[in-house]
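Please walk through the structure below in a viewer, one selection at a time. Each stop says what to select and what is there.

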Amino acid sequence: MSSQITYVDVILPLALPQAYTYAVPIDLVPFVKIGQRVIVQFGKNRFYSAIIKNINHKKPAVDAKLIETIAEEEAIVTETQLKFWKWMSEYYMCTEGEVMNAALPSGLKLSSETKIRYNENYEGDFDTLNEEEFLIVQALRAQQEIKIPQVQDLLKKKNVYPSLKTLFNLSIAVSSEEVVEKFKPRTVTYIKLNEKYEDDEELEKIYAELGRAPKQVELLLAFSQLGKKSKFIRKNELLALSKSTAAVLAALVKRNVFTEFKMEVSRLGNLQTAELDSPELSAEQKTALAEINQHFETKNVVLLHGVTGSGKTNIYIENIKEAIAEGKQVLYLLPEIALTAQIINRLRKIFNTQVGIYHSKFNQNERVEIWNKVLHGEYKILIGARSGLFLPFKNLGLVIVDEEHDNSMKQADPAPRYNGRDSSIVLATLFNAKVILGTATPSVETYYNTERGKFGLVKLDKRYGGIEMPEFVIANIKDDTKWQRMQGSFTSTLVNEVSQALSKKEQVILFLNRRGFANYQVCKTCSYVYKCKNCDVSLTYHKFSHQLKCHYCGYFEKMIDKCKSCVAIDLDIVGMGTEKIEDEIAELFPTAKVSRLDYDALKTKHGHAKVISEFENREVDILVGTQMVTKGLDFDHVSLVGIINADQLIHHPGFRSHERAFQLMMQVAGRAGRKNKKGRVVLQTSDPAHTVIYNVMNSDFKRMYETEIGMRRQFQYPPFARVIEVKLKHTKVQNIEQASLYLANEMRKTNTGKVLGPAIPFVSKINNYYIREILIKSTVDSKKLLQTKHALQQVLDKMKTLPDIKSVSVSVDVDP
DNA sequence: AGCACGCCGACT
DNA sequence: GTCGGCGTGCTC
C-alpha cells in the first residue's frame, strides 16, 4: 500500500484534449490536494503551472514525469470550480485548459523563461560562427545572461533557435529554464531603529558619534519624534516628513542605527467610506422585492423586468443584504461598460470593505489579490464583468446578472465562448444559489423562460413619474416612392412627425444602423463597386473626411472622382449612412439644431459625453445616431424616434443578427416617450407586411416578444433549438470550400442535427484569411444536444486527418 | 501554446 | 549545393 506511487491528473493552461498525468515525488505526497497549483514540465523544456484535477494510484500508459513543485500549499481552485470548468468545457465545446486560461488571472499562470548564459570555460575561437551567432556571443559576453525575446530583438527575426543550437552544440553557451512567478506581492519598506538604541544611553552615544554629520542627526531626531508610538515607520513617510534624503538614510542603515525591512501589503487599499443606509424602497419596489422572495421559494431564477429608472438597484441591495445575513457570498455581474464608478460607489457606501471589484482594468497582481480575498471569504460581494464568475467562491448564495440581455455577456473570442448569464445560472445551481436577472429589455430566451414558468417574473414597470409604451407608426417607403413623396431618405410621415415634435419643442432621435455617408460607391458606366482590399466588402463613403472607409478592418482611401476601373467620371453614391441623414435632416429643418452620435463622431467631433450632455440639456433638437444612442441613455424630452430603415433591421440573414436587430429595435423604441406622455416611433419600411413590427403595431412589448417567439418556434431558432456555429478559417479558399462541404456532408450523414450550410453563400475574408460559418441546429433536449456535439467532435477530429483540409482552423460556438 | 522534425524555394 | 521558410505532430 505505502509503496504505491501517487499520480495526479492535471489541467494545463493549453488547448489540450485530455488531462495529463504526473507522478508525485514521495516527499510531496502528503501535501498534494485537488485544486492545488503545481508546477510541471510539459514538453522538452517548458514549465507551466497546472491545476490538480484528481489524485490516484493508477499507472498511466506512458511514463509520467514528476511534478516539479507545489506552487502553494493551499488549493487555489475549489472543487466546485473544477466541476464548473468541466461543465463549461463540455457545453461550449472547448478544452478544460481553455477554461482554465479564461478563469485564472494570469498572475496565477506562470510560464518558464529560457535563459542563455555564456560558458566561461569555453576556450575555442569563434571562427566558425556566422554573423548572427557572433552577435549573440557578443551580447552574452556583455550581459552574461539573456532571454529569448532579447535574442529575437537582436537578430530582428523570430526563429532564433538554429543559431542558439549551434552555440549550445559548441558549448559556447548554456541554457537554463527559469520558472517565473508572475504574481509579486506588493511590499512596503519600513525603517526600524536598531534595538540597541532603544536604550537612551546608547542613543546619546550615537548622537555624539554623528556630530559631524548634521543631516543624519536631523533624520534620527525626526525618527525618534515620529516613531514614538510604534517602533517602525514607512520609509517613504519618514523621508517625506523629515525632509531628508534616501542617501542620508542609507548612511544610517549602513551604520546599523536603522534596519530596513519589507512587509507585504495589499494593493487594493483600504476602501473605508462613510457608511450609508440603504435607500428606502418605494411601494412598488417593496412589492417587487416580496415577489422575488416568493418566487425563490419554488424557483432558482427570477427575471426582474424593470424599465430604466425604476430602481432595480435598490431591490438588489435588499437581496444582497439578505444573502449576507445568511453568511453567503454574492456575485453581481454587469457588462463591462456598465461597471461605472457610480454603481460601485453606491454599493461600497452601503457594504463597505465587503465589496470587491473584478474587471479588465485591474492589473494582474491586483486580480490575484482579489482572487485570494474571495477564496478566503474576505469579500462577501463581488461586482464584476462576466469573468467574475470564475472567482473561487466558497458559499455563493446569490447571483445578480444586471443587463442580462447585453450581448457583451457573451464572450465571442477566444474559447471558451461562453455566455455569462447562462453560465452563472449553472454556477448558481452548483451552489444551490439564487439568481436575479435584471433588465429593461429581456433577451428573448429569458422572456421565454419566464413565460413557460422556468424563471420567475417580477415586473417593475413604473418609473418614478410613470411612463407608457410608445405608439408605433408605419411609414411605407414604397408607397411614398411611387407617389414621389419621399424627401431624400425620409417619408412624408416621418417628416410630418418630426415637424410636429419640433413645433412642440420636443426632441427627436433618428436611428440608422449604418454610419458614414453612403453604403457604397459605384461607377455609373461600368458598375465598378469600390471594395476593400482586405475584406471584400464595399467601402463606405464618408463625406466629412472625404474618404472611402472599410467598417470591417478600418482600411480607408481618399475618395477620387473618377472610376478606378474605366475612364468614366460619373460615379454614383448608393445607400445611406448617418452622415447623410444628418445632412438631409439639417436641410429639411434648417432652424433645428442637429447632432450626430456614432463611432466617427466620437473621434472627429467632441466625444460621446459632450454629444450626450448637449442633447440632455436640450441644446440639440435632433440626434442622428447608430446603436450608440441606446447605450445607457435616458432622455426625458424625446417624444419621437424615427427608425430610418426598419427593413434593414428586420430582414437580415442569420438569427444572430435577427436577435440583435430585435433588441436594438426595442431599445431604440424605448427611448421615445416622456413623463406622463406617450412617445411615438416611426418605422420606415418598404415591406410592412413582412416587418415583425407590423404585427405589433400600436401594441405593447409583450406582443412584440410573443411574435418574435412565435417566429422562432416556427423556424426553430433558440430558445427552441440549440445552434452550434462552426467557423472555418484558412488562407486558401479551396480549403475552406472543401472543409465546409466535408463538414456539412458528414454532419448530415450523422443525422444528429439540421445543417445550415455551406449553403449559406458567404465566405468572408479578413486579413488574408477566408472564413466560413456552418450552423448546426439541434434540439433543446440535452441528450440530443450531447449527441450532436459528440458527432461534430468526431467529424472535426476526422477532418484533421484528411490531407487536403487538415490545416483548416476551426472554432466552435454554442448558442445559447 | 511551444518546440522539433521534415520537406520545398531563394540564396552562396 | 545549403539556409530557412512553415506545415505537421507531440507533449504525461
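The model is predicted.

**Stop 1: DNA strand C**

Of the atoms of DNA strand C that come within 4 Å of the protein, sugar and phosphate account for 47%.

Which element gives the largest share of the surface near DNA strand C? Select strand β2, residues 20–23, which contributes 3 residues, the largest share. By class, the surface near DNA strand C consists of 6 nonpolar, 4 polar and 3 charged residues.

**Stop 2: individual contacts with the DNA**

- Threonine 21: one of its backbone N or O atoms is 2.9 Å from a base oxygen of DNA strand C.
- Glycine 43: a backbone N or O atom lies 3.4 Å from a sugar or linking oxygen of DNA strand C.
- Lysine 65: an N or O atom in the side chain is 2.5 Å from a phosphate oxygen of DNA strand C.

**Stop 3: helices α7 and α8**

The crossing of α7 over α8 is right-handed.

Now show side chains. On α7 the contact is made by Leu219, Ala222, Phe223 and Leu226, and on α8 by Leu238, Leu241 and Ser242. The contact of α7 with α8 has 6 nonpolar residues, 1 polar residue and no charged residues.

**Stop 4: helices α10 and α11**

Next select helix α10, residues 283–296, and helix α11, residues 312–325. How are α10 and α11 packed, in angle and in distance between axes? The angle is about 45 degrees and the axes of α10 and α11 are 10 Å apart, which makes α10 oblique to α11. α10 passes α11 in a right-handed crossing.

Show the side chains of Gln285, Ala288, Leu289, Ile292, Asn293 and Phe296 in α10; these meet Asn314, Ile315, Glu318, Asn319 and Glu322 in α11. The contact of α10 with α11 divides into 5 nonpolar, 4 polar and 2 charged residues.

Definitions and conventions: Residues numbered from 1 in each chain as written. Chains lettered and ligands numbered in written order. Predicted model: local features only at pLDDT ≥ 70, side-chain atom pairs only at ≥ 80, totals over all residues. Heavy atoms only, no water. Left-handed = near helix turned anticlockwise from the far one by under 90°. Helix = DSSP H or I, 4+ residues; strand = E, 2+ residues; numbered from the N terminus. Contact = heavy atoms within 4.5 Å. Nonpolar A, V, L, I, M, F, W, Y, C, P; charged D, E, K, R; others polar. Near = heavy atom within 4 Å. Polar contact = N/O pair within 3.5 Å; in protein donor to acceptor, adjacent residues only side chain to side chain. Axes fitted to C-alpha atoms, helices over the stretch in contact; angles between N-to-C directions. Parallel < 35°, antiparallel > 145°, perpendicular 65-115°, else oblique.
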